[in-house]
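Here's a quick tour of a protein model, going contact by contact. Have the viewer open and follow along.

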Amino acid sequence: DGLVEVGQTVMVTLTFTPKSVSDFTGELMIQYHGTDMTSYVSLQGTAENVEVFLSAPSVNLEPAYISLSSQKTVKVCNKSEIPVRFDWRAFHTPEEEEEERSRLLLELEQ
């Protein structure tokens with residue numbers, strides 16, 4: 001949602017984050033405040049596979065004492081022609097992560 005005042009210009013950033021390899025289409029809808037007028041801008045995007053991989057399929061960390069740490073290095077290798085954003089997660093899906101967070105909160109409340 002936003003409002004562009006008379007005589008003003010606003011930059012809009014659209015983020016495309018596909019979850020599967022495919023072609024995607026959509027529309028950006030612009031409604032004119034105080035009228036029944038609406039404009040549409042066609043949006044198109046393509047998600048492709050890229051050659052990105054980890055240097056090891058799994059990592060076994062050595063045991064560590066409390067307040068000390070053990071570490072190993074894993075490389076994220078990008079052999080594609082485009083930058084790839086990544087992050088580390090303990091769970092496969094956001095739903096699994098939220099379930100575990102809720103479970104831990106319940107434990108703390110007891």
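## Salt bridges along the helix

E100 and R103 join their side chains in a salt bridge, with N to O at 2.6 Å. (A salt bridge here takes a side-chain nitrogen of Lys or Arg within 4 Å of a carboxyl oxygen of Asp or Glu.) Both residues sit in helix α1, three residues apart, which is about one turn of the helix. Helices are DSSP runs of H or I with at least four residues, strands are E runs of at least two, and both are numbered from the N terminus. E100 is partly exposed at 23% relative accessibility, and R103 is partly exposed too, at 39%. For these labels, buried is under 20% relative accessible area, exposed is over 50%, and partly exposed is in between, using a 1.4 Å probe and protein chains only.

R103 also meets the side chain of E107 in a salt bridge, at 2.3 Å from N to O. E107 and R103 are four residues apart in helix α1, again about one turn. E107 comes out as partly exposed, with 46% relative accessibility.

## About the model

Keep in mind that this is a predicted model: local features need pLDDT of at least 70, side-chain atom pairs count only at pLDDT 80 or more, and totals for chains, interfaces and linings use all residues. Residues are numbered from 1 along each chain as its sequence is written, and side-chain values use heavy atoms, with hydrogens and water left out.

How many salt bridges does the structure hold? The count is six. One of them links R101 to E97, where the closest N and O atoms are 3.5 Å apart. Helix α1 covers residues 94-109, and because R101 and E97 are four residues apart in it, about one helical turn separates them. R101 is partly exposed, at 41% relative accessible area, and E97 is partly exposed at 23%.

That pair belongs to a network of salt bridges that ties together D87, R89, E97, E98 and R101.

## Nonpolar patch and ring pairs

Now for the greasy side chains. V50, V52, L54, V76, I82, V84, F86 and W88 make a nonpolar surface patch of about 690 Å². Patches take residues with over 30% relative accessible area and no salt bridge, joining like charges within 9 Å and nonpolar side chains (Val, Leu, Ile, Met, Phe, Trp, Tyr) within 5 Å. The areas come from the Shrake-Rupley method with a 1.4 Å probe, and for residues only the protein chains shown count as cover.

F16 and F24 have ring centres 5.6 Å apart and planes at 70°, so they pair edge-to-face. F86 and W88 are also edge-to-face, because their planes sit at 75°, with centres 5.8 Å apart. (Rings of Phe, Tyr and Trp, the latter by its six-membered ring, pair if their centres lie within 6.5 Å; planes under 30 degrees apart are stacked, over 60 edge-to-face, the rest tilted.) W88 is exposed, at 59% relative accessibility.

## The hairpin

Strands β1 (residues 22-31) and β2 (residues 38-47) run antiparallel and are joined by ten bridges. Two strands pair if DSSP finds at least two bridges between them. S22 has A47 as its bridge partner in β2. Together β1 and β2 form a hairpin with six residues between them, and G34 in the turn has a positive phi of about 80°.
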